[in-house]
Amino acid sequence: MAESTGHVEEPRNFTPRNPPDLEPPQNSPISVAELAKCDGTNTDHPTYVAIKGTAFDVSGNSAYAPGGAYHIFAGKDASRALAQSSLKPEDCRPEYNDLGEKEQTVLNDWFTFFSKRYNIVGKVQG
């Protein structure tokens with residue numbers, strides 16, 4: 001719990017300068033194996049990043065393509081890595097419930113950030 005300083009923190013605004021025209025969120029089941037195929041290395045598949053079990057289509061962003069700064073997240077549920085601000089391969093995994101409040105907040109911020117920029121294409125199963 002934050003100490004009271006008499007200052008109310010402004011809510012974070014994650015709305016992009018030029019908001020994309022997003023499709024309605026999809027709840028299609030996506031297996032872990034299918035998610036892994038969506039890692040940007042196969043032109044027959046889109047590029048997905050999952051956060052908290054929700055898959056986002058990041059295909060249009062070269063940062064998630066091979067050689068991109070965030071390619072490590074592509075084709076995975078990267079919840080733990082995002083919560084910890086980590087680019088380590090071993091942190092790119094879906095487990096996040098054991099993380100502290102600060103990391104949970106960071107993860108929720110990432111989820112909000114992605115949800116305002118990328119289409120939600122489904123829910124990871126398994």
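N18 counts as exposed, because its relative accessibility is 68%. Here buried means under 20% relative accessible area, exposed over 50%, and partly exposed in between, with a 1.4 Å probe and protein chains only. N18 is found in the segment before β1 (29-31). Helices (H or I, at least four residues) and strands (E, at least two) are DSSP runs, numbered from the N terminus. N18 and R117 are 99 residues apart in sequence, yet 9.5 Å apart in space, C-alpha to C-alpha.

A word on the model comes next. It is predicted: local features need pLDDT of at least 70, side-chain atom pairs count only at pLDDT 80 or more, and totals for chains, interfaces and linings use all residues. Residues are numbered from 1 along each chain as its sequence is written, and side-chain values use heavy atoms, with hydrogens and water left out.

The charged end of R117 sits over the ring of F113, 3.7 Å from the ring centre. Such a charge is NZ of Lys or CZ of Arg, within 6 Å of the ring centre and within 35 degrees of the ring normal.

F113 also has an aromatic partner. Which kind of pair do W110 and F113 form? The whole structure holds 10 aromatic pairs. The pair of W110 and F113 is edge-to-face, with 5.4 Å centre to centre and 80° between the planes. Rings of Phe, Tyr and Trp (its six-membered ring) pair if their centres lie within 6.5 Å; planes under 30 degrees apart are stacked, over 60 edge-to-face, and the rest tilted. Both residues lie in helix α3 (residues 101-115), three residues apart, about one turn of the helix. W110 counts as partly exposed because its relative accessibility is 29%. F113 is partly exposed too, with a relative accessible area of 25%.

F56, Y64, Y70, F73, W110, F111, F113, F114 and Y118 form one aromatic cluster. The C-alpha atoms of G40 and Y64 are separated by 7.1 Å, although the two are 24 residues apart along the chain. G40 lies in the loop between α1 and β2 (48-51). It is partly exposed, at 22% relative accessibility.

C38 has its place in the loop between α1 and β2. Is C38 buried or exposed? C38 is buried, because its relative accessible area is 1%. C38 and Y48 are 10 residues apart in sequence and 5.4 Å apart in space, C-alpha to C-alpha.

F111 leads on to K52. The charged end of K52 sits over the ring of F111, 5.7 Å from its centre. K52 is found in the loop between β2 and β3. It has a positive phi of about 55°, although it is not a glycine. K52 is partly exposed, with a relative accessible area of 31%.

S79 lies in helix α2 (residues 79-83). It counts as buried because its relative accessibility is 0%. The side chain of S79 also makes a polar contact with the side chain of D77 (2.5 Å). A polar contact is a pair of N or O atoms within 3.5 Å; within protein, one must be able to donate a hydrogen and the other to accept it, and residues adjacent in sequence count only if both atoms are side-chain atoms.

Now the largest pocket. K52 and D77 are among its lining residues. A pocket is an open set of points on a 1 Å grid over the protein atoms alone, with protein on both sides within 12 Å along at least five of seven lines; lining residues have an atom within 4 Å of a point. About 160 Å³ of space lies in this pocket. Grid points are joined across faces, edges and corners, and the volume is the space filled by probe spheres set on them. Helix α1 (residues 32-37) gives the most to the lining, with three residues.

Two more residues complete the walk. T54 is found in strand β3 (residues 54-57). It is buried, with a relative accessible area of 1%. Its side chain makes a polar contact with the side chain of K123 (2.8 Å). S85 lies in the loop between α2 and α3. It counts as exposed, at 63% relative accessibility.

How values were computed
On a 1 Å grid over the protein atoms alone, a cavity is a set of points where a 1.4 Å probe fits but cannot get out, and a pocket is an open set with protein on both sides within 12 Å along at least five of seven lines; lining residues have an atom within 4 Å of a point.
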